[in-house]
Amino acid sequence: MCGIIGYLGYREAYPILINGLKKLEYRGYDSSGIAIFYENECSLYKTKGRVNELEKKISSYKIKIKGTTGIGHTRWATHGIPDDLNAHPHVSNSNELIIIHNGIIENYYAIKIILLKNGFTFKSKTDTEVLVNFIEYIKKENKFSLEEAVRVSLNEIVGAYSIAIVEKTRPETIIIAKLGSPLALGINKKEFFISSDPIPFINYTNNALYLKDGEMAILRKGEELDLRKITNNHKLSPIIKKLKINLKKIEKGKYKYFMLKEIYEQPKTILDTLRGRLLISKGIICIDGIEFSKDIFINAKCITIIACGTSWHASLIGEYLLEEFIRIPVEVEYASEFRYRHPIIKKKDVVIVISQSGETADTLAALKLAKKKGAFVFGICNVVGSSIARNVDAGVYTHAGPEIGVASTKAFTAQITILILLALKIGKHKSTINDSRYSSLCKELGTIPEKINYILKIYDYIKKISKIYYNFNNFIYLGRGINFPVALEGALKLKEISYIHAEGYPAAEMKHGPIALIDENIPVVIIATKKGCYDKIIGNIQEIKARKGKIIAIVNEGDIQVSMMADHVIKIPDISEELSPLVTVIPLQLLAYQIACIRGKNVDQPRNLAKSVTVE
Ligand code: F6R
C-alpha cells in the first residue's frame with residue numbers, strides 16, 4: 001500500500017514529486033521521502049509523518065533542490081515501524097542505487113541472510129532495503145548493467161512490487177517494474193511521470209500506460225519508452241491510452257473532509273450509477289456487462305461473492321438480493337480467507353468480486369484463483385482501468401467517481417445499487433421475480449436519491465446526538481435481514497475513523513452472548529425500520545432497555561412503538577426492504593463522521609489505514 005512517484009524530463013522534479021505525493025497520501029501517510037538527482041549527486045530527504053512534514057523539513061534547510069530526475073514515496077508501514085530510517089527512498093550499501101517500492105517482498109529474509117553473509121549491512125528494518133542491496137549484489141557479482149541486474153534480481157523475488165530505481169551516476173535513466181502493485185506511467189514528449197495512479201500527472205499529460213504484472217520499463221531522458229518482460233527480457237510494444245479524468249471531482253470544495261463531501265454526493269452518485277442503465281418509465285435495465293453474462297448467471301449452480309471490508313458488507317447485501325430475486329444459493333467470502341483455504345470452485349461457477357479501488361491485493365489474488373479454477377468472474381469496481389477491472393471476464397463499473405476519504409461511503413451505496421440492478425435484471429430474465437414487483441422496485445429505485453437528500457437534511461439533528469454519545473468507549477450496532485450488513489458497516493465506519501470500539505450483530509443474536517455487555521455505558525444503534533422483522537426488533541429493544549442500554553434507533557417517519565422506547569430516534573423515509581440499505585446506511589455514516597470530528601480525529605486519513613490495500 002504506499003504511493004510511489006517519479007519524474008524524468010526537463011522540468012524541476014521537486015514540485016512535481018511533492019505535489020504528487022500529496023495526491024497519493026490516500027495510499028499511506030506514516031512517512032515520506034524524495035530523492036532528486038543532479039550532476040551525479042543525489043539529494044535525499046525523508047521523514048516520519050505526512051508529506052507536509054517532509055515539505056516543512058526541506059524548507060527549513062532553506063535550499064533549492066535542483067534536478068530534473070527524481071523519485072518519491074509515501075509509506076504505509078509493513079516491515080518496520082514508521083520512522084525516518086524505514087521511510088523510502090532506500091539506498092544501497094555503496095550509495096549508488098536509490099529505490100522506492102510499493103508492495104511486499106515475501107522472501108526478503110532469506111535474501112537478507114545471503115546479503116549479510118556477503119558483508120552487506122542494513123540501516124532499516126524494511127524489505128525494500130534488502131531489495132536494493134540484492135540488486136546491487138547481483139549487479140556487482142555479474143558485472144551487469146543496472147537494467148540487467150534489476151531484471152535478474154526481480155526474477156528471484158517472491159511477493160509484490162512496483163518499484164522505481166535510479167543509479168546516482170546515471171540520472172538520465174529510471175528503471176521501473178511491476179508485479180501485483182499498481183504502476184502507471186504518464187508519457188509526454190521528452191518526459192516521463194511515474195505514479196501509483198495517474199492523478200498526480202494528469203495535469204501534465206493524459207497519455208498513460210499501465211504497466212502489467214511482470215513488466216519493466218527503462219526510461220531514458222529524451223528517448224522512446226523501452227518496455228520489457230521481466231522473465232525473458234523480450235521487448236514489448238507499449239499500449240498508450242488517453243485518460244479522461246475530471247480533476248474537479250477530486251477537490252474538497254466547501255467540505256472540511258472528503259468523507260463528508262462523499263456522503264453528500266450520494267444522491268448524485270446513485271443517479272450516476274443508474275444513468276443510462278435503468279429506464280424507470282419502461283422498467284428496463286440495460287447494462288452491457290450484465291447483458292453479456294445473464295445466461296451464465298441463470299445457469300449457475302451457485303454464486304460466490306468475494307471482497308474485503310466495506311465491499312464485503314455490500315457483498316452480504318448482494319447475497320440477500322440475489323437469493324431473493326434469482327433463487328440461486330450465494331456464498332460470501334473474505335478474499336483473504338478464500339485464497340488460502342482450498343475453495344470448492346468448479347468450471348462455470350460464477351464468482352463476483354467487488355472492490356472500490358480495484359487494486360485490493362487479496363481480492364485480486366482471489367479473482368485469479370477463481371479464474372484458474374475455471375469460474376466465470378464478474379467484477380463490480382469503481383476505479384476504471386484498475387487491475388481487478390482488467391482481469392475479470394465481465395463486469396460493471398459503479399461510476400461513483402473518485403473516492404478519496406479512506407472510509408468508504410459513496411462507493412458502498414453505488415455497489416449496492418449495482419447489486420440491486422443485477423439481481424432485478426437476472427431475476428426478470430429467469431422469471432423468479434414477478435412483473436409487478438420488478439416494476440415497482442425499478443420505480444422505487446428512481447426515488448432513492450431524493451430520499452437520501454431528505455436524510456442529509458437532518459444532519460443537524462445527528463450533530464446533536466453525536467454531542468451526547470461521542471465520549472462512550474463501546475458501541476453495538478444491530479440490524480436484521482438485509483440490514484444486518486448495514487449494522488456491520490455502521491460499526492466499521494465508527495471504529496475506523498473515531499477509534500471507538502464498535503461491533504455489529506444481527507439483532508436476534510444479542511441474547512446468545514453480546515447482551516452480557518449491555519449496561520448504561522453501551523449505546524446500541526439499531527436499525528428498526530417498519531419492514532423486515534419489525535415486531536421482533538421491538539422485542540430486542542425491550543431486552544436492551546431492561547438492561548439500561550441506551551438506544552439510538554433508525555426508524556421510519558411516523559413510527560410510534562420504537563420511538564417510545566428509544567433514547568433517540570433518527571427518522572428516515574419509508575422504503576421497500578430490499579432497497580432499504582441504500583438509505584439506512586446514510587445516518588450511520590453521518591453519525592460516525594460527526595463523532596470522529598468531535599473527537600478531533602483526521603477523518604480522511606485515520607491512523608494505520610490506507611485507501612487502497614495493495615499488500616496481503
Ligand atoms: C472501509 C474501507 C475498507 C475497504 C476495503 C476494500 O471504509 O474502505 O474496508 O472497503 O479495504 O477495499 P476495496 O473496495 O477497494 O477493495
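Guide: Strands here are DSSP runs of E with at least two residues, and helices are runs of H or I with at least four residues, both numbered from the N terminus; two strands pair if DSSP finds at least two bridges between them. This is a predicted model, in which local features need pLDDT of at least 70 and side-chain atom pairs count only at pLDDT 80 or more, whereas totals for chains, interfaces and linings use all residues. Residues are numbered from 1 along each chain as its sequence is written, and side-chain values use heavy atoms, with hydrogens and water left out.

The sheet to look at closely is an open one, in which seven strands follow the order 5-6-7-8-12-13-14 with antiparallel pairing. At its edges stand strand 5 (90-91) and strand 14 (235-236), and because each has a single partner strand, one side of each is left without a neighbour in the sheet. Within the sheet, strand 6 (residues 97-105) runs antiparallel to strand 7 (residues 159-167), and nine bridges join them; here N102 has S162 of strand 7 opposite it.

Strand 4 (residues 69-75) also deserves a careful look, and it is mostly covered, with seven of its seven residues buried, where buried means under 20% relative accessible area, exposed means over 50%, and partly exposed lies in between (1.4 Å probe, protein chains only). From this strand T69, I71, H73 and R75 point one way, while G70, G72 and T74 point the other way, and all are buried. Six bridges pair strand 4 in the antiparallel sense with strand 1 (residues 3-8), and among the bridge partners G70 belongs with Y7. Strand 2 (residues 31-38) likewise runs antiparallel to strand 4, joined to it by seven bridges, with T74 as the bridge partner of S32.

To widen the view, the protein chain is divided into domain 1 (3-245), domain 2 (251-446) and domain 3 (452-603), bounds that come from an automatic or database domain assignment. The C-alpha centres of domain 1 and domain 2 lie 34 Å apart, and eight residues of domain 1 are in contact with seven residues of domain 2, contact meaning heavy atoms within 4.5 Å.

Not counting residues up to four places away in sequence, Q266 touches T409, K410, T413, I452, I586 and Q589. The side chains of Q266 and T413 are joined by a polar contact of 2.8 Å, a term for a pair of N or O atoms within 3.5 Å of which, within protein, one must be able to donate a hydrogen and the other to accept it, residues adjacent in sequence counting only if both atoms are side-chain atoms.

Helix 9 (residues 309-326) is mostly covered, as 13 of its 18 residues are buried, and just after this helix R327 takes a positive phi of about 55 degrees.

Finally, a search of the whole structure finds zero disulfides, a disulfide being a pair of cysteine sulfur atoms within 2.5 Å. C42 is partly exposed, with a relative accessible area of 22%, and its sulfur is 19 Å from the closest cysteine sulfur, in C2, which is too far for a bond.
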